[in-house]
Amino acid sequence: MSSINKQKIVDSVPQKGFFGHPKGLFTLFFTEFWERFSYYGMRAILVYYMYYEVSKGGLGLEEGTALAIMSIYGSLVYMSGVIGGWLADRLFGTSKAVFYGGILIMFGHIALSFPGSLSMFFVSMVLIVIGTGLLKPNVSTVVGEMYSENDTRRDAAFSIFYMGINLGAFLAPLLTGALMKSYGFHWGFALAAIGMFFGLVVFMVTKKKSLGLAGTYVPNPLNAAEKKKYGSITALVLVAVAIVLGITIPNGWFTLDLFINLVGIFGILAPTIYFIVMYKSPKTTATERSRVIAYIPLFIAAVMFWAIQEQGSTILAAYADKRTQLDFLGLEISPAWFQSLNPLFIIILAPMFAGMWVKLGDRQPTIPQKFSLGLLFAGLSFLVILLPGYFTGEDALVSPLWLVLSYFIVVLGELMISPVGLSATTKLAPEAFSAQTMSLWFLASAGAQALNAQLVRFYSADSEMLYFGSIGGAAIALSIILFLLAPKIQVFMKGIK
């Protein structure tokens with residue numbers, strides 16, 4: 001997209017009306033609120049649905065298998081953002097991608113809300129994976145489109161947007177967890193579908209007056225020859241996949257372990273290929289190539305951070321269910337409720353961080369320095385959660401306050417990395433790869449969860465302290481290295497602060 005078109009988009013958006021920000025931020029805030037409500041409401045109870053016995057309404061899978069599937073599912077959700085970003089950049093724009101994605105997510109939750117077989121479970125996962133890939137990266141891209149590159153409100157806007165994400169993520173586990181406890185899993189999944197429906201309504205009713213041209217431009221559209229070429233490639237790939245699965249699954253060659261390993265390999269290859277393609281593209285300028293180089297260490301740091309943070313829905317979810325005292329101060333706690341801690345702390349702290357960045361202005365830490373601090377807090381959050389095992393032993397139930405403290409510390413890191421990373425991605429992205437670079441940002445989460453699918457195999461009650469200590473220590477070491485490299489990375493960013 002040319003700079004002229006970018007300016008047209010900014011000029012078309014009403015620039016005041018939502019806490020000093022464009023009116024479009026309201027539309028995107030509440031669209032993402034409901035999308036995250038549906039996603040996190042489903043995710044809060046999904047791992048329990050997988051490993052709870054059939055007599056308790058679950059699927060009866062082995063716990064380790066359930067944890068691995070949960071990680072792979074999370075990885076595929078973010079990997080699908082690559083497809084969503086490419087389709088938005090080259091076919092129908094970000095606004096349509098958001099709408100189509102919401103439709104698929106809603107139907108995925110509807111499928112999950114009907115008691116059924118493991119096959120129905122996987123059908124719902126496919127719908128949600130593809131739908132989230134269309135919606136998630138593109139709604140964030142539209143936020144960036146509403147501001148010029150030098151608008152000082154950008155970081156604050158992403159922090160406000162991020163608060164909307166977490167408001168939905170806070171409320172959903174409380175409600176779906178209560179429904180799971182009182183009425184069963186499928187009522188919780190049905191509520192997630194209703195949440196996505198509300199998100200679609202908000203988006204369609206308000207977008208025309210508030211978003212202007214944001215989300216309507218296709219920055220790098222396919223020509224007729226390219227449409228024919230990619231259409232043929234897609235058809236061939238689908239046929240090839242169908243043939244391979246049709247042969248390997250009945251013969252028992254395509255196993256869950258093989259699938260986990262394949263996703264792990266792709267989690268490394270996909271971002272590597274993306275970086276190479278963007279760097280070598282003739283559409284990428286010399287300044288943009290330098291910024292791509294600067295983005296690489298930030299991406300690696302993000303993978304390490306999300307490898308810890310995303311274990312809140314796997315290892316820490318199981319920890320809450322089996323290692324935590326759930327009868328606390330006369331209150332019977334649902335293990336799903338712990339999933340609300342992370343967004344609760346973000347809701348409280350995000351405005352403080354947003355205000356702090358605005359107040360500090362040019363005196364605030366650089367983007368690489370913020371990332372290094374985020375990694376430090378992530379490492380500390382894992383060191384904290386190993387302490388109760390040290391003090392009380394591996395068999396005793398521990399106070400839920402340990403989990404509360406761990407979630408609080410990792411949130412401090414998240415606010416240093418996630419909204420800052422979203423903003424940095426829109427600033428550092430080459431023009432021809434704007435939406436796709438946002439997809440690349442979400443590949444950090446995909447790679448992290450593909451890594452987690454391997455790591456969860458090493459977790460057990462006996463290895464608990466070693467597990468948390470090793471991963472937490474690695475994050476702290478990487479944070480120190482990144483802090484030392486921060487001045488050099490800043491040079492490669494070519495004026496982006």
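User: What is the handedness of the crossing where α2 passes α6?
Analyst: In this predicted model, α2 crosses α6 in a left-handed manner.

User: At what angle do α2 and α6 pack, and how far apart are their axes?
Analyst: Helix α2, residues 24–51, packs against helix α6, residues 185–210, at an angle of about 170°. Their axes are 8 Å apart. Because the angle is over 145 degrees, α2 counts as roughly antiparallel to α6.

User: And which classes of residue make up the contact of α2 with α6?
Analyst: The contact of α2 with α6 is made up of 18 nonpolar, ten polar and two charged residues.

User: Moving on to α12 and α15, at what angle do they cross?
Analyst: Helix α12 (residues 367–392) and helix α15 (residues 464–492) cross at roughly 165°, and their axes come within 8 Å. This angle makes α12 roughly antiparallel to α15.

User: Is the crossing of α12 with α15 left-handed or right-handed?
Analyst: α12 passes α15 in a left-handed crossing. The residues in this contact comprise 22 nonpolar, nine polar and one charged.

User: New topic: how much space lies in the largest pocket?
Analyst: The largest pocket holds about 2300 Å³ of space.

User: How many residues line the largest pocket, and which lie nearest its centre?
Analyst: Its lining consists of 48 residues. Nearest the centre of the pocket are L76, M79, S80, I83 and F266.

User: Which elements give two or more residues to that lining?
Analyst: These are α3 (63–113), α4 (118–145), α7 (224–248) and α8 (256–280). The largest share comes from α3, with 13 residues.

User: How do the residues of the lining divide by class?
Analyst: There are 37 nonpolar, eight polar and three charged residues in the lining of the largest pocket.

User: Is W306 buried or exposed?
Analyst: W306 has a relative accessible area of 6%. Since the cut-off for a buried residue is under 20%, W306 counts as buried.

User: How far apart are W306 and L375, in sequence and in space?
Analyst: W306 and L375 are separated by 69 residues in sequence. In space, the C-alpha to C-alpha distance between W306 and L375 is 9.4 Å.

Technical notes: Residues are numbered from 1 along each chain as its sequence is written. This is a predicted model: local features need pLDDT of at least 70, side-chain atom pairs count only at pLDDT 80 or more; totals for chains, interfaces and linings use all residues. Side-chain values use heavy atoms; hydrogens and water are left out. Axes are lines fitted to C-alpha atoms, for helices over the stretch in contact, and angles run from 0 to 180 degrees between N-to-C directions. Helices (H or I, at least four residues) and strands (E, at least two) are DSSP runs, numbered from the N terminus. Angles under 35 degrees count as roughly parallel, over 145 as roughly antiparallel, 65 to 115 as roughly perpendicular and the rest as oblique. A crossing is left-handed if the near helix is turned anticlockwise from the far one by less than a right angle, and right-handed if clockwise. Ala, Val, Leu, Ile, Met, Phe, Trp, Tyr, Cys and Pro count as nonpolar, Asp, Glu, Lys and Arg as charged, and the others, Gly among them, as polar. On a 1 Å grid over the protein atoms alone, a cavity is a set of points where a 1.4 Å probe fits but cannot get out, and a pocket is an open set with protein on both sides within 12 Å along at least five of seven lines; lining residues have an atom within 4 Å of a point. Grid points are joined across faces, edges and corners, and a volume is the space filled by probe spheres set on the points. Buried means under 20% relative accessible area, exposed over 50%, partly exposed in between (1.4 Å probe, protein chains only).
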